[in-house]
Each structure stands twice: as structure tokens, then as C-alpha cells.
Amino acid sequence: MNICKTILRLAGWSVEVTVPDYPKMIYCVAPHTSNWDFLLCELAIHSVGRTAGFLMKSSWFFFPLGALFRALGGIPVERKHKKQSLTEIIVEKFRTENALRLAITPEGTRQGTRDWHTGFLRIAREADVPVCLAALDYPSKRITATEIFIPTGDMDADMAAVKRFYRSYTGKFPDQCLTD
């Protein structure tokens, strides 16, 4: 029995994943308005027998949570004293690893923002990996991963297309879902 699937079912959530399980892929996950998003997405990806690493600010990697987050595939992100861009680091990881699936929230914060980060698009383009558009919808209690997006290199047009996709999804805090 799949405990993650059972927990989600008991909580009333459904999961639909139709994209192939590529060995290298970025899961673009939105809307991201609550810490609950992390738990729900971890349960969802494991409920379908897959895994994905994730980026999280380094301040969350304290004992004992740090060990747990690393075991789940967490990569601590240091926001200060950067010697190399995070994008460059992740592109290099994709180039050197045989398999790497990474979940990234384009908002980069749980607070509402219209300025979504383009790093996931740049990483996908430079590392030549597909982007799976994965979404949480709190009103319907659905988590989906059904669309593959291949960045064109036109960051403005690509981001507009990604935001358009997410307009029909609502986060836990709807006023923080800013896709326009």
C-alpha cells in the first residue's frame, strides 16, 4: 500500500500525473502560497512512485530538519555571498548527473509576486531538459503534472506562456496567486 497516496486520499486530494518520467526534468510548481505546498507536492510525487529534488533557502537546513530535507533531495540555497550563480550551479548538476529531477517554484516566495524568477527557464534551456508544469489547485484539491513546456529562449514570451497556464489554478491563499 502506498502511504503517500493514502494520506492524500484521506485528506481529499487527487493526483494526476501524465508526463513521462524523464531521467532529467524540471518540475515547475505553482502556485506557491503556503508551506503546505511543499508537503502536498512531496506526498504527490511519491504517491506516483517518483522523486524530485527541490531548492530551499539554507536557513531551513538546521538540525534535525536539514537531515530530513537532504534525504528528500533538498538542495540548500545560500542567498548571501554567492560566488557563482545558482542557475550555473544547477545547469552543471544537470550536465554531470545521469538522472536529476528538480522541483522549482517560479515565484521564489510564498508571498504574492508578479516578478516570477526565470532561472528555471534558463536552466531548462541551457541544460536541454524539459519543464513539467505541475500545479496545485486548493479549491478542487487537485495536484496535476500533465503538461511539458520546452523553453524557446525568449524569456518574456516563455514566462507569459507559463503564467497563462497557471491562471486557472488557485493556491491556498488566492490573493497571493499573481499570474498577470
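Mentor: First, a definition: angles under 35 degrees count as roughly parallel, over 145 as roughly antiparallel, 65 to 115 as roughly perpendicular and the rest as oblique. This is a predicted model, in which local features need pLDDT of at least 70, side-chain atom pairs count only at pLDDT 80 or more, and totals for chains, interfaces and linings use all residues. Residues are numbered from 1 along each chain as its sequence is written, and side-chain values use heavy atoms, without hydrogens and water.
Trainee: At what angle do α1 and α2 pack?
Mentor: Helix α1 (residues 3–10) and helix α2 (residues 36–47) pack at about 125°, and their axes are 7 Å apart. The two are therefore oblique to each other. Axes are lines fitted to C-alpha atoms, for helices over the stretch in contact, and angles run from 0 to 180 degrees between N-to-C directions. Helices (H or I, at least four residues) and strands (E, at least two) are DSSP runs, numbered from the N terminus.
Trainee: Which residues of α1 and α2 meet?
Mentor: From α1, C4, K5, I7 and L8 meet L40, L43, A44, H46 and S47 of α2; contact means heavy atoms within 4.5 Å.
Trainee: Now the sheet: what is the strand order?
Mentor: The open sheet has seven strands in the order β1-β7-β6-β2-β5-β3-β4, with mixed pairing. Strands pair if DSSP finds at least two bridges between them. Each of β1 (14–17) and β4 (74–77) is at an edge with a single partner strand, so one side of each has no neighbour in the sheet. The twist averages 25° from one strand to the next.
Trainee: Which strands does α6 touch?
Mentor: Helix α6 (residues 155–166) packs on the sheet and touches β2 (24–30), β6 (131–137) and β7 (142–149).
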